[in-house]
There are 2 protein chains.
Amino acid sequence: MLILKTLNRAPLHGYGIALSIKRLSDDVLTVEEGSLYPALQRLLLQGWVKAEWKMTETNRRARFYTLTAAGRKQLGVELTQFEQMIAAIGRVLQDAQEA
Amino acid sequence: MLILKTLNRAPLHGYGIALSIKRLSDDVLTVEEGSLYPALQRLLLQGWVKAEWKMTETNRRARFYTLTAAGRKQLGVELTQFEQMIAAIGRVLQDAQEA
DNA sequence: TTCTACCCATAGATAACCTATATATACGTT
DNA sequence: AACGTATATATAGGTTATCTATGGGTAGAA
């Protein structure tokens, strides 16, 4: 969900995705390479992102990932599910929270 | 965290914990037996809960779990971590959420 | 030339989940 | 008396996703 959300802002390469999530979350969320690249492969397989080799601003070759239409749809699904789950956890935690 | 939170309200047996979480979350969160009982074993090993065989209101033998002092402390730690993580995810999702 | 930041990718260990299964009892219904 | 349902505990095995560790490689600054 976080990767899809990041790519929904703008196409980006793997390293940039990791940095973006890390920075926006104030270093709380860190996506390691061993999680990130397999995750991107899964997103490719599902057709939620597409990839192109391009050059970065710093003149390096990098694989830029772009959200597809299906990816945008999936992001919506995951956001909804996430919010439902968070709300549900909130209900479990809320009851007698002061105890 | 949800199990510890449930036991923080009152000692309860495994089946009761599962029902409580399911009901409080409006059926969104379902803890299966294959997740619940291993999780309870882990909580026992950590010393966060203790267990006693007792009789239920319906006259069945059941293992009642009670939160220990260490368990209450751990619950606090996990609640804090959870809130931090949710806040961090919120920051990642918030930016350009409308896009 | 050496170091740091940038960039991709996989292997292997670890951890936790779910499905499926086994066992067993209380109680109401047929 | 037999049967079904809800109650109750527990483990085996498969799946999934994570992290750690590793390997390869480039641009630019010190």
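Start by selecting E1(B) and E3(B), which pair in the antiparallel sense over 2 bridges (strands are DSSP runs of E, at least two residues, and helices runs of H or I, at least four, numbered from the N terminus; pairing takes at least two DSSP bridges). Before going on, note that this is a predicted model, where local features need pLDDT of at least 70, side-chain atom pairs count only at pLDDT 80 or more, and totals for chains, interfaces and linings use all residues. Residues are numbered from 1 along each chain as its sequence is written, while chains are lettered from A and ligands numbered from 1 in the order written.

Now click B:His13, and you'll find B:Phe64 of E3(B) opposite.

Next, show DNA strand D. Among the 24 residues around DNA strand D, the nearest are A:Gly34, A:Ser35, B:His13, B:Gly14 and B:Thr56 (near means a C-beta atom, placed from the backbone, within 6 Å). Colour H3 (33–46) of chain A, plus H2 (14–24), H3 (33–46) and E3 (61–67) of chain B: each gives two or more residues to this surface.

Last stop: select A:Val49. A:Val49 touches A:Leu7, A:Leu43, A:Leu44, A:Tyr65, A:Thr66, A:Leu67, A:Thr68 and A:Gly71, leaving out residues up to four places away in sequence (contact means C-beta atoms, placed from the backbone, within 7 Å).

Terms used. Two residues are in contact if their C-beta atoms, placed from the backbone, lie within 7 Å.
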